[in-house]
Amino acid sequence: MADSDQLQVILSDGRKIAAQKVGTDPETDLAVLKVNSKYINQVAKFASSKNLVPGQPVIAVGSPLGSQYATSVTQGIISAKSRVVNVVNEQGQVTNEATVIQTDAAINPGNSGGPLVNEQGQVIGINSMKLSRSGDGTAIEGMGFAIPSDEVVNILNQLVKNGKIVRPKLGIRVLDVTDLTRKDKKRIHLPNNIQEGVAVFFS
C-alpha cells in the first residue's frame with residue numbers, strides 16, 4: 001500500500017469507492033485511509049483492550065482469501081490478553097517483539113486488518129497474524145493474534161497527525177544466532193560450531 005498510486009475501499013454493499021492514503025505503519029501493517037463521508041452511514045467504535053478477560057467471546061471479521069469472501073465472520077474466545085510474539089520481516093528474520101491478543105477465532109490470509117470485536121460489536125483489536133506451525137513443523141490450529149485496540153488507536157492517531165510513526169532506536173540490531181542468515185554469519189565470521197547466543201549489529 002505504501003507505494004500504491006490508486007486505492008479503493010469496498011463497502012459492505014459491494015460498492016467500490018476511491019480512497020486516499022493518510023499514513024501507513026509497516027511495522028504493524030496498519031494504515032489510515034480517507035474516503036468521502038457521504039458514502040459512510042455508520043462507523044465501528046473502539047473499546048479499550050485493557051479490560052479484556054481470557055475466555056471472553058470475540059468475533060473476527062475479514063476477507064479470507066480475498067474479496068470473494070468479504071465480511072466473513074468467525075467466532076472464538078480470547079485465549080490470552082497479553083501474549084508476546086516475535087515480529088518477523090520479509091526475509092524471515094526476527095526484528096522485534098509485539099504484545100498481542102491471542103484468540104482461537106479462525107484467522108486466515110485476508111483476515112489481516114479486519115476487526116476483532118466483542119459481543120457489543122466494539123473493536124477490541126485488529127487481526128494481524130496466525131501461527132500455523134511450530135518450530136519443529138508441527139501443525140497448529142486455533143492460534144490467531146490481534147493488535148490490541150489501545151495500541152491501534154494510538155498508532156492511528158499518530159498516522160492522522162503525522163502520516164507516519166516515529167519510533168526511538170538504539171542503533172543496534174540483536175538477533176539470536178539461530179535466526180541469522182548465511183549472509184549475516186559470513187559478515188561477522190561466525191564459526192560453524194557456534195549454535196547458541198546472540199549477535200549484535202551496530203547501525
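This is a predicted model: local features need pLDDT of at least 70, side-chain atom pairs count only at pLDDT 80 or more; totals for chains, interfaces and linings use all residues.
Reader: Before we start, which pLDDT do local features need?

Author: Happy to say: side-chain atom pairs count only at pLDDT 80 or more, totals for chains, interfaces and linings use all residues, and local features need pLDDT of at least 70. Residues are numbered from 1 along each chain as its sequence is written, and side-chain values use heavy atoms, leaving out hydrogens and water.

Reader: How many residues make up the largest nonpolar core?

Author: A nonpolar core is a set of buried Ala, Val, Leu, Ile, Met, Phe, Trp, Tyr and Cys residues joined through side-chain atoms within 4.5 Å, where buried means under 20% relative accessible area (1.4 Å probe, protein chains only). Members of the largest one include Leu52, Val58, Ile78, Ile101 and Ile124, and its total is 11 residues. Apart from it lies another core, with Leu30 and Val152 among its members, of 10 residues.

Reader: Is Asn118 buried or exposed?

Author: Asn118 sits in the loop between strand E7 (115-117) and strand E8 (123-130), strands being DSSP runs of at least two residues, numbered from the N terminus. Its relative accessible area is 7%, so Asn118 is buried.

Reader: Which backbone nitrogen lies 2.9 Å from a polar atom of the Asn118 side chain?

Author: A polar atom of that side chain lies 3.0 Å from the backbone nitrogen of Gln120. At 2.9 Å, the backbone nitrogen is that of Gln122.

Note on methods: Buried means under 20% relative accessible area, exposed over 50%, partly exposed in between (1.4 Å probe, protein chains only). Helices (H or I, at least four residues) and strands (E, at least two) are DSSP runs, numbered from the N terminus. A polar contact is a pair of N or O atoms within 3.5 Å; within protein, one must be able to donate a hydrogen and the other to accept it, and residues adjacent in sequence count only if both atoms are side-chain atoms.
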